[in-house]
Structures are given as C-alpha cells and as structure tokens.
Amino acid sequence: MSTKVEKIVEFKISRFDPESKKHYVSTYKVPIRKGTTILEALLYIKDNLDESLSFRHSCRMGICGSCGVNVNGKPMLACYTQVLHLDADSLLIEPLANMPVIKDLVVDIQPFFDAYKKTKTILIKPEEALQKPTEFIQMPAELKKFWDLTLCTKCSICYSACPAAIDERFLGPAALTANYRFVIDSRDEGCPERLKPMEDNIWLCTQCNSCTLFCPKLVSCANSIVEDHSLLVEAGNIPRTVKDVLESVYKYHNPMATHQSKRMDWAEGLNVKTFPEITSADVLFFVCCSAVYDLRNREVARIMASIFNKMGVNYATLGTEEWCCGDHVLRMGEKGMFEELAQHNIGTFTKLKAEKIVTLSPHCYNTFKNDTPYVDEKLNVQHYTQFLAEAIQQGKIKPSKPVKKKVAYHDPCFLGKRNEIYDAPRQILQAISGLELSEMKRTRESSFCCGGGAGRVWTEEALPEKRPCVDRIKEALELGVDTIAVACPFCVTTLEDAVKVLDVENKIAVKDVLELLREAI
Amino acid sequence: MEKCNHDIIIVGAGLAGLRAAVAAAEVGNKLDIAVFSKHHPLRSHSVCAQGGTAAVMHEKDSFDLHAFDTVKGADYLADQDAVEFFVRRAPKEIVLTEHWGCPWSRTPDGKMNQRPFGGHTQPRACFAADMTGFHEMHAIYGKATTYSNIKFYDEWFVTSLIVENNTAIGLTAIEMTTGKLHAFTAKAIVMATGGHERIYEFTTFSHTTTGDGMAIAYRAGVPLEDMEFVQFHPTGLIPSGVLITEGARGEGGYLINANGERFMKRYAPERMELAPRDVISRAEQTEILEGRGLQGPYGPYIALNLTHLGEEKINERLPLIRDVAIKLGGVDPVKEPIPIRPAAHYSMGGIRINVKTETPIAGLYAAGECSCISVHGANRLGTNSTADCLVFGVVAGEEAARRALSTSLREVSKEKLLAEENRIAEILNREGSERISVIRDQMRRIMNEKVWIYRRGDQLESALKEIRELRKRFKDIKIEDKGKSFNTGFFSALQLDFMLELAEVTVASAIPRTESRGAHSRLDYPKRDDQNWLKHTLAYCTKDGPRLEYIPVTVTKWPPVARKY
C-alpha cells in the first residue's frame, strides 16, 4: 500500500559524534514518493541504512515542535516539509543554528527555553480576580487580536535563525512574541511587569525578519517585537543609546544629529538638482540620511549621482526637504514620529513630481513599499540595484573595465528577506568583467543579518564577538574572498566596523555594489 | 550509580503530569517535586489533542447528563462512581486553565463556547479552535514554570520503578544527553506517560508515545486493567494516520462512501456522524469490508466532507486540520473531502487505579491515558480524555503530596540498582542478528491485521503467538550504536521492549473476552454479554506472560440497557 517512487534523493547529513567530538557528513540515498516528508526520509535512513543517526521527532503533524532542522540552509520542521516540494536531487540537512550540537541533528534547546522562561507565560491578574469561580469574559474580537500569536509551538526555529540571539542576553523572537501575546490579551493586567525582562536586551533585534520568514506557523514575530518596542518607548523604558537616536530624529529629522541645512553637502561639485528649485523630474533620487551625512557613505551617494549624470538621467533630490524615511524609527517603536516623517516626505513627493523614486538604502525602499501611510500612496519605487541592473541590461551602462576581485555578495535583509530582491545586485556584479562572484553559505533568504537594522547600527553595545557583523565577516573570510559587497549604507557601516574589530583590513574590504561598478566604468 | 531524591516524582509531562505537578505544588511550597519526561514537556502527545475538553458549563446541561452519556458511551463498563466524580470536577479545571491564559474559543457574548461531540447529548466540548490540547498544555506549562519547587528533568528516560514491600520507593532513569543511568528515591511517584497505540501501524499517535509507563508499572507488579479496549478513531488522515478532529463532524462535517452515501444513517440514524467513535469506526470498517470504500493509492478509504462549511468557518474553527490536510494529505478541505479511515487512537485500559488515583502499590499513583479508573469503560467519548487528564492529574498531584507530607524516604537496595544497571547494559550490548525496526514493524502489522476493529478468536490466538515469537526475537537484536550520548537507536530498543510487552497484554486480555462491548468487537461473539462480562480485566505480569483476573464494575445510577444511537 504505497505510491510509486518518484525519485531518489541524496541526503547529506551533518553528523557530530559527541564522544570523539568529530563533525562529519554522511550521505544516503532515499527513495522519495509523493508526500514523503523530510522526517519520513530521516526515519527511512534510521530504519534501513544507519541506525546511529540521531534526530528529534514526535508528533509528525507540525504541532510538537521537535523536529526543526536546517535543510539547504533554511530552518524548517522536518515533519511538515515534503521532499518533492523542495525540488532538489540533493539535500544538505544540518542541525539548527545558535544552539550547541549534542549529537548529529540534536541540539541543546536549553538556551532557547531558558530565555523563554524569563517571560511570564500565564495571565497576570490580582489574586482576588483569579479566585473568581467562572471564566473571564473575552469577546471574540478581543481573542482575535492575539490568537495568531498563540500558535507558536516553541520549535526554536526563529531562535536558530535570529542574528541577535548570538548574544545570549537576547530573549529571542518566541519569548518576545509570547510576552506581547499576553500584553494584548484583554484578560491580562501585567503590562508594567511584562516590560521588565525585555527592556535591556530587546534592542538587539535588528528586524531582519528571519523569525517571521521561517516560522512554520506563520507567527508574525518581528512585528510583535516592534510592538514590544512601542510599549517600551511609550513607557519611557529605553536605553540612552535608543533615546539619543530618537531625540536626534525629533530635533533634526535625521538620526545623524546633523542640521538639515547640511543635507546637500555630499553633492558638492556634482551639480545635483534639488527641490524646491526643481518641481518635476523623471527620477526622484531619495538619498538616505546615512548616505548624506556619513562621510564613508557619502562616497556611495556621489557615485550614484555621477552615474545618473553620465547616463543623462533627469533626476533631482528633495534637497533639505528630504527627511529621514522613518524605517528605523518605526521599527524602534516610535510610531508617532514615523507618521510625522512619512507625512512630510509624502507631502514633498507630491510637490516634486517624478515618475519614479530611486533609493540608495533598502530601508527607505522597504518603508516606501510596505509601511502605512507610504503604502497608500502606491509609490513607484526602485532600489538603485534594480535601476542599474535594468540600465546594464539595456546597454545604457557598460562595466567593461576588468575588476580583479574575489567578491561575496551580502544580501541586505531589507532588500532580500523583506522584499525578495536577490537577483538585481548579483546581475550588476556578474556584469563586471574579471569580478569573481561567490556565494557565502548563508545567502539569499538564509542570509545572515549585518546587525544594523531597527536602529542597532547606532545603538550597538554588544561585545564584539556577539555582534552579527563580526560573525558575518568571519564567514566571508572563511570563503576566501577579498571583498564583501553590499547594497545598503548600514551594512557598509556595520561590516566595516567588524573588519576593524577583527583587524583584517589587509584581508577583506567592504564595498558597496556601486563602488565596484564605478571601478568598472 | 548517582543517586538523588525528591518528595514527589511525576513521570510524564503531558496534560496529566503537568497538572499533577501544579496540584502538588499548590499543596505545599516546601515539597520538592520532580517532573521527568523523555522529551521537553511541550513536545508531549497532549499537544495533539484537538477537538475539545468536556465539561458541564451551561444551564441546559447537567452532571447527570454528562455522566450518563459517558457511561452509555462506555458501553456500561465504566465505574459509575468514578464517572460521577469526574464530571463534577471538570468545569473547575476548565475555568482554571482559562484563568492561566488558555485562549478558549468564545460565544458572541464573550463566554466559553462549546461545540457538539460524538455521544454527548449536549454541546459540551470547550475548545480552542482545533488545538485544544496544545493550548491547554501551554497554559499549564506556563503555570508549572512559576513554581520554584517544581524541577524539570527534560529528556530523561525512565527505565524502571523500584518497589519494595509493595511500596514504590524510587525509580531509575537515563539522562539522555549523557547516557548515564541514575537512581532517584521519592515518597510518592505519579505515572502520567500516556497510551500505547504506537503498537499499531495506522495510528493517530506521536512517534514517542510508546506506553513506557504502563509497561514499567506492569513489570513492577501493578495490574493493567481492560487493555483489550483500544479505541479506533474514525478519522485518521491517509496516509499518515494523523488525527482529523471529531470536532470537524461537531461543526457539521459528514462521512460518505464510494456511492456518495451518508452511510451513518444505516448505523446510527439518530446521532449520525456524532455517534460514539466505536460505532462510527465499525461502520466505516464495514463499508470498506463490503466494498463501498473509495479507492485511493493507499487502499480503500472513506471521505470526510467539510466543503459545505465554507472557508470562513473552517479557518475559524478548524484551522489546524485544514493546514494538516493540505501539508500531509495533499487536499484542501475547503475544496474537497478529506480521505480518512479508522486509526488506533486511545487506550481505555491502563494502570489500575482507584478514584484517588492510587495503584495497588503504596506510593504509586497514575493519571491520564496510562491509567484506568475506569471512567471510559469500553469506549471513551471524545473530549473526555483531556478532561480526565486535568481532573485526575489534580487528584494524583494532591494525593501524592499528601502522602509525601506524611511519609519518609526509603533507602533503595544496592542489588536492585545493580540488577537494573545490568539489564540496561545487557540490552545496549546486544550483538544479535535482528533489526529493531523490523521487529517493530512486524508487531505493528500483526496488531493492525489481527487485533483491529473487528476481532476473531483464532486471529487473536495467532496474534498472541506471533507477538510472543517477536519477544523472543527481540532478545537477539543488534544495537548498532553503542554511543552514550543521545543514542536514539538504543532508546528505540527500550521502547520496543515496552511495546512488545503491552501488545502481548492487549491481545491476551482480548482473547478470553467472548463478547462485543464498546471498542472490543468480536465477529465470533457479536453480542454484549452482561451476564458473564460486565467486569474488568486485570492483567498481572508473570514470567509466563499475563495472568488474568476479573473484578466487578461499579454501577450506581445506570444499570446496563441496550445501547442505541
């Protein structure tokens, strides 16, 4: 009683023998039928090919959370994933990351649950209310507010995919989501108390969105953490570093604490047209606070302008009327301030009429695309890598000078994970002759965040070895490349910081894709 | 061997075990309570409970109605004093889990909602969509972790109970990460390890729910009661056997055969798809045996149709089973019927306990599916199991606490520990010619083919012979991995050892019961026989296999009458 074998798939399984402390890979051939799950394949191996293979499993229906593993770099539940759906002839199965391996695919889940237990996952109410002999009234609409957040199985997949969790102080997406689930439960009265366990560590979250992306139950962890941020901001329980950023945006409309009158200093000598002198253009170039004020990133903005100039694009910037897009501010939980920034920018967009907006930063791109009120404007936005990839394809730019570099491209989370733009930056790099592009192990959806999102680029206070950027540079070094290419000003800042921390400036350079392109034209 | 002691040890961290821990901790904050589980508590099979938890919560309902429904559902084999106690305690438990945060589904005016369920004459199933057990578990685990005097031993595999002078004084357990065997002494021990349906091939059960506690207690001298009564759930998803909740039928889903006929009208004209599970599973099996099953790549099946409920209702009330059907069955219940057939689902039988959850061995208690009180008799009603875990989990926790406060620890004899150490080492060192997975699969096939919904004396006899043969072959297994840390191959062997023991007891208990009652349907004895068989089976462990005894059923208000739906 079974269906026919559709194909034979090779399973390369990462093994660890705790006694000899040896890591190795075992390869097995597994017959796959329609419906065969990764778990069934693992059980097939254990029953028929190798009894010593160890992995956890139990319910085989996606609810007990036992069987999370990494499959070709992506964490998922083995029992809830069909092999044929992965459309591969060979699969690399590895244990979940961020937790020590005990044996083979079995990891020590204690760090995950230790963090989870720091939050109180029952209702907090006065003792006399809990003596009530009947249920508390809760309207269906009140239940609906937090229901989706109750579906978390504590499988620890979010934790394993989380760049912030390499610092064990961070409670992790599941715990922070559980905390928020209780805050918005109409029956709960524990809010001030619930803020305590997270207030000194939640700012490590970079909003890279891996938790949400890989959650087998589609729980919106990343958004819950933003909501937690909001609660802390409202309560005023925020660290000095976070306060400084928000105050700076409040005072100057940018997080760099620099007066807006200096906003066009970066473009000196480039003859960039600006609003209000200009009221219509083909392209509105939205530069980004970091590219405007950060001396290192100014270089990147200048290259973009000179390429526009060279291509003869009719473009303009908002000049001193460009305010921070608000992406970091929103994800730091300052919703009111975000709204104000957004309304200002939207107002100016209507005054400077342009066919499209091109952004340097994936963060501006993301918020214009996905966050209310920007999203209601249905803005025609491109990230610069999309704009330039098209230009190269249409022959408008010819990157013909050879650039002899070994390059790994690091996917910025707000471009990749949040907007699925993986190919455009690679197309630009591939168009550069002589440039040897290779992929890091953690790439595209599985990319590992640089650690700069949600304001962390300005608030970083983790020890160097606990910073995601340091982890990432080590990965690039292991790959043996001399350049790590990025397409985000914040990735430039964090990764260059890591290069300095590791003292490897003579081994690896951090370059924006634009900088490599300039060398080629 | 390292030794350690606690006042109370609870084995198993599902609904019953966790609830017992909380109840014990409530009795005294000085009590030192340990909870052992071979996996993290939230991985327990209780999280798979879907449809609801039964409790009398509204005015039209009554304790007598709930009790009678339960007794009738049990085909009059339930002990009615236990049932009456059970139904009275259930509502309080629901309210407590609600107070701890369980997200129960609500009526439009914000009260606990209740849905209809098989064999219940009132909508009595409190539910949290179709993830009731999952949410109860998270609520109780949240509560349990607030007590500093509950210590969790996650991923510790209990191997044996230590009993001296008919008193349980401790146990042995392997720390799975190190492979080390440790000894623990305690003043009271609660078994809460769940059922044994993994002895079957087609089952709704989690892989790890292998009846360990039943087998351990049985070997320690406690009788297993009514083990011939195994419930077959009418809707196991094809091909895996994953549970599709009875709540699907509670919400209006119905069953059809190959002719597109709602065949339940011929078996239970009044209750139709909401008749008790034994009735529906027999009906489905009959349809299949008589050639009216639908044909699929995995053999004949029955279709569970929910399409008429509409996407909105399915998403609100049955989101999990929709997801499961899509991911594991390849069908979207919004668009097409779900292919199902009966699957082994619940053990009405288990460790013999009284209404105070005491086993015949002093200091040893049991609760939840591993136990038999008997509330469920010959057939359990849906939603009564999670209620049972909560109600009797509390009783076990409180009784164990009471005993722990009034007795002292006893020293375990070295010989006993050495004997267990040798037994474990001998299994680990086996270098025979048999594979664990081969014996396990054969056991499951035998149980599926010969000890299924319809049984016959000669087939049961032959099953017993074959299971005993497998037990012999088990002695000749080869453990390929001799490693100490997380040796899951070795744990599979220990689990198989337990399952073979329980399969033998199940079959041996079924053979002499020459009647059909509840889930035990004999083709050679198709009628219920109250004259001779209104009694409970007790199986005692002996060197030559189970020795059977019988004890009467307690009848309080409802003398047996013909059972019609």
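**The interface and selected side chains**

Modeller: To begin with the interface, chain A and chain B of this predicted model bury about 5400 Å² between them, with 56% of that area on carbon and sulfur atoms.

Colleague: Which residues of chain A lose the most area to chain B?

Modeller: The contact involves 68 residues of chain A and 73 residues of chain B. Within chain A, three residues lose the most area and together account for 14% of what that side buries: A:Glu51, A:Arg60 and A:Tyr80.

Colleague: How far apart are the closest N and O atoms in the salt bridge of B:Asp481 with A:Lys103?

Modeller: Between chain A and chain B there are four salt bridges, and 33 residue pairs in polar contact. One of the salt bridges joins B:Asp481 to A:Lys103, and the closest N and O atoms there are separated by 2.5 Å.

Colleague: Which element gives the most to the side of chain A that touches chain B?

Modeller: Several elements of chain A give two or more residues to this side, among them α1 (38–49), α2 (110–116) and α6 (173–183). With six residues, the element that gives the most is α1(A).

Colleague: Is B:Glu287 buried or exposed?

Modeller: B:Glu287 belongs to helix α7 (residues 277–289) of chain B. Leaving aside neighbours within four places in sequence, its contacts include B:Glu261, B:Arg266 and B:Arg292, and its side chain makes a polar contact of 2.9 Å with that of B:Asn257. Because its relative accessible area is 0% and the cut-off is under 20%, B:Glu287 is classed as buried.

Colleague: What kind of aromatic pair do B:Tyr153 and B:Phe184 form?

Modeller: The count of aromatic pairs over all chains is 32. For B:Tyr153 and B:Phe184 the ring centres are 5.2 Å apart and the planes stand at 80°; since an angle over 60 degrees is required, the pair is edge-to-face.

Colleague: Where in chain B do B:Tyr153 and B:Phe184 lie?

Modeller: Both residues are buried, B:Tyr153 with a relative accessible area of 6% and B:Phe184 at 2%. B:Lys151 lies over the face of B:Tyr153, 4.9 Å from the ring centre. The pair links parts of the chain 31 residues apart, with B:Tyr153 in strand β6 (residues 150–154) and B:Phe184 in strand β9 (residues 180–191).

Colleague: Which ring has the charged end of B:Arg341 over it?

Modeller: The charged end of B:Arg341 is 3.8 Å from the centre of the ring in question. That ring belongs to B:Phe202.

Conventions: Residues numbered from 1 in each chain as written. Chains lettered and ligands numbered in written order. Predicted model: local features only at pLDDT ≥ 70, side-chain atom pairs only at ≥ 80, totals over all residues. Heavy atoms only, no water. Helix = DSSP H or I, 4+ residues; strand = E, 2+ residues; numbered from the N terminus. Buried < 20%, exposed > 50% of the residue type's maximum accessible area, 1.4 Å probe, protein only. Polar contact = N/O pair within 3.5 Å; in protein donor to acceptor, adjacent residues only side chain to side chain. Contact = heavy atoms within 4.5 Å. Phe/Tyr/Trp six-rings, centres within 6.5 Å; stacked < 30°, edge-to-face > 60°. Lys NZ or Arg CZ within 6 Å of the ring centre and 35° of its normal. Buried area = accessible area lost by both parts, 1.4 Å probe. Salt bridge = Lys/Arg side-chain N within 4 Å of Asp/Glu carboxyl O.
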